[in-house]
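Visitor: Could you walk me through this model and tell me what the terms stand for?
Guide: Gladly; let us look together.

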Amino acid sequence: MQSEGLQSIDQAQTVNKELYEFKNKRVSIMNKLMPVVLFLCASVSVLTTIGIVFTLITETYQFFKQIPILDFLFGTKWSPLIPPKSFGVLPLLSGTLMITFIACLVAIPLGLASAIYLSEYAPKRVRKIIKPILEVLAGVPTIVYGYFALSLVTPLIQSLFDSAGVFNALSAGIVVGIMIIPMVSSLSEDAMSAVPRSLRDGAYALGATRFEVALKIVVPAAFSGIVASAVLAFSRAIGETMIVTVAAGSTPNMTVNPLDSIQTMTAYIVQVSLGDTPHGSIEYGSIFAVGMTLFVITFLLNILAQYIARKFREEY
Amino acid sequence: MEALININKLNLFYGAFHALKDVTLTIPEKAITAFIGPSGCGKSTLLRTLNRMNDMIPGTRIEGGIAIGGTEIYSNEVDVETLRKKVGMVFQQPNPFPKSIYDNVAYGPRLHGITSKKELDEIVETSLKSAVLWDEVKDHLKRSAFGLSGGQQQRLCIARALAVNPNILLMDEATSALDPISTLKIEELAQELKDKYTIVMVTHNMHQAARVSNQTVFFLNGEVIEYSDTEKLFSNPTDQRTEDYISGRFG
């Protein structure tokens with residue numbers, strides 16, 4: 001009896017091992033390979049950034065070996081192509097800042113107002129229609145905005161101000177402003193919609209009007225997001241190229257008159273890149289120095305945006 | 001006790017949903033009236049019609065009348081902001097603004113045009129004293145309101161409501177998010193406030209209604225089933241459904 005029992009256990013032990021073959025080489029290689037592939041994909045953008053910064057730095061360094069950095073940073077005459085050559089970046093910087101300033105003057109009030117409308121006033125149906133339209137505005141190619149500036153806004157400005165030239169900073173600045181409205185309004189609206197309903201209710205219950213609730217409760221509570229959107233829009237305006245190339249002209253000009261033709265840093269880079277400037281020449285090097293300046297400014301602005309967003313965050 | 005609020009055949013619809021059905025009710029002045037009933041019975045909805053907070057909800061439609069001190073509050077001539085100033089509200093979740101304790105209380109007065117620092121200081125102090133919070137916060141009025149405990153935050157919200165000098169105070173389950181000790185403090189506060197203010201409170205806790213209110217209204221499915229002096233309603237209800245509810249047979 002006992003031996004029979006043992007025998008049956010023995011029989012049970014002869015399992016069909018083929019059924020329990022867990023190793024699958026193909027799958028295990030895939031599992032090991034996948035993270036590597038994904039990592040490589042992710043590193044493309046990181047490596048590109050490093051490459052760009054590296055090129056900028058080395059070329060800029062070469063440039064500054066010929067032109068003293070102080071002459072570049074504080075010089076008030078930019079004449080890289082026509083002798084006597086002069087490489088003072090301030091005219092380009094002032095041109096860029098004027099465009100950016102005008103653009104922000106247009107975009108921040110309008111963008112904020114539309115964000116307040118969308119988040120506090122607009123019925124659901126209206127918001128569903130307007131928000132996508134605003135986002136389409138953000139997708140219009142900037143060259144189209146450039147033509148819009150040149151063919152519509154500039155004639156309008158010229159009919160108002162006789163002294164305005166065909167190329168002027170005002171026209172380009174306004175259109176850059178229009179271009180960045182969606183950025184301000186969309187990001188601000190997101191921040192404002194995130195303010196909890198209970199805060200609004202609390203203010204309404206005290207007898208606040210809709211406008212007071214928007215201005216004194218929602219905007220302060222969403223302030224960090226609003227400031228971040230404004231700074232992002234600012235750095236977007238600084239870097240804008242096509243509109244200013246088409247509509248603002250190519251006259252490096254230390255002026256505060258927005259009706260004058262100016263040149264921005266980006267427009268200068270376009271001008272030199274498109275021309276037949278020989279590789280390695282000093283003019284060629286100058287676009288890297290200007291590019292580096294632009295890069296440092298936008299980089300600092302982005303850090304500033306993050307700092308402000310953190311500093312002014314109101315907890316709720 | 002004279003009737004201050006007269007609600008007459010009030011019907012309220014959220015879209016197609018009939019939330020309040022033929023509600024007729026009077027609420028006495030300078031007393032505490034409690035609305036009780038199971039969830040979804042319409043008690044909060046009725047409370048929110050008293051300061052027209054339901055106006056915010058799209059698709060709300062109202063028929064019938066609510067008069068406060070003889071004025072129809074849903075008439076076109078009524079200024080909603082002035083009404084809300086006179087009919088303060090405290091919510092279920094404490095909802096202080098992301099500002100300092102001082103600025104929370106001063107928010108309403110500033111909104112209504114008071115700018116003098118001295119006047120604001122006075123209002124802040126009296127409001128915080130009325131809400132029995134002054135002693136706890138007087139030394140750090142500039143600190144964020146979020147540093148306070150839940151019960152303190154709720155008393156701050158009461159102080160904030162009192163600061164605009166209302167006549168009526170609505171409390172929408174104002175203690176349901178609080179611990180028992182904080183709840184007790186708010187209940188004691190309500191008792192003190194009723195000498196000066198008319199208080200209407202919604203509570204899902206019928207023991208609370210029994211403890212603090214003078215008049216109790218029992219709601220069921222959007223209808224007022226019964227209302228009377230609290231003592232009478234709890235000891236000798238006339239409607240079988242009221243008796244079933246207060247004895248815990250449902251809800």
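Guide: Two residues are in contact if their C-beta atoms, placed from the backbone, lie within 7 Å. By that rule, 17 residues of chain A are in contact with 22 residues of chain B. This is a predicted model, in which local features need pLDDT of at least 70 and side-chain atom pairs count only at pLDDT 80 or more, while totals for chains, interfaces and linings use all residues. Residues are numbered from 1 along each chain as its sequence is written, and chains are lettered from A and ligands numbered from 1 in the order in which they are written.

Visitor: What makes up the side of chain A that touches chain B?
Guide: The elements that give two or more residues to that side are helix H8 (197–204) and H9 of chain A. H8(A) gives the most, with 5 residues. Helices here are DSSP runs (H or I, at least four residues), strands are E runs of at least two, and both are numbered from the N terminus.

Visitor: How do the residues of that side of chain A divide?
Guide: They divide into 9 nonpolar, 4 polar and 4 charged. Ala, Val, Leu, Ile, Met, Phe, Trp, Tyr, Cys and Pro count as nonpolar, Asp, Glu, Lys and Arg as charged, and the others, Gly among them, as polar.

Visitor: What makes the span of helix H10 of chain A close to the expected one?
Guide: The expected span is 1.5 Å times one less than the number of residues. H10(A) covers residues 223–239, which is 17 residues, and reaches 24 Å from its first C-alpha to its last, close to the 24 Å expected.

Visitor: How do you know how confident the predictor is in chain B?
Guide: From pLDDT, the predictor's confidence in each residue, from 0 to 100. Chain B has a mean pLDDT of 92, and 99% of its residues reach 70 or more. For the complex, the predictor gives an ipTM of 0.91 and a pTM of 0.80.
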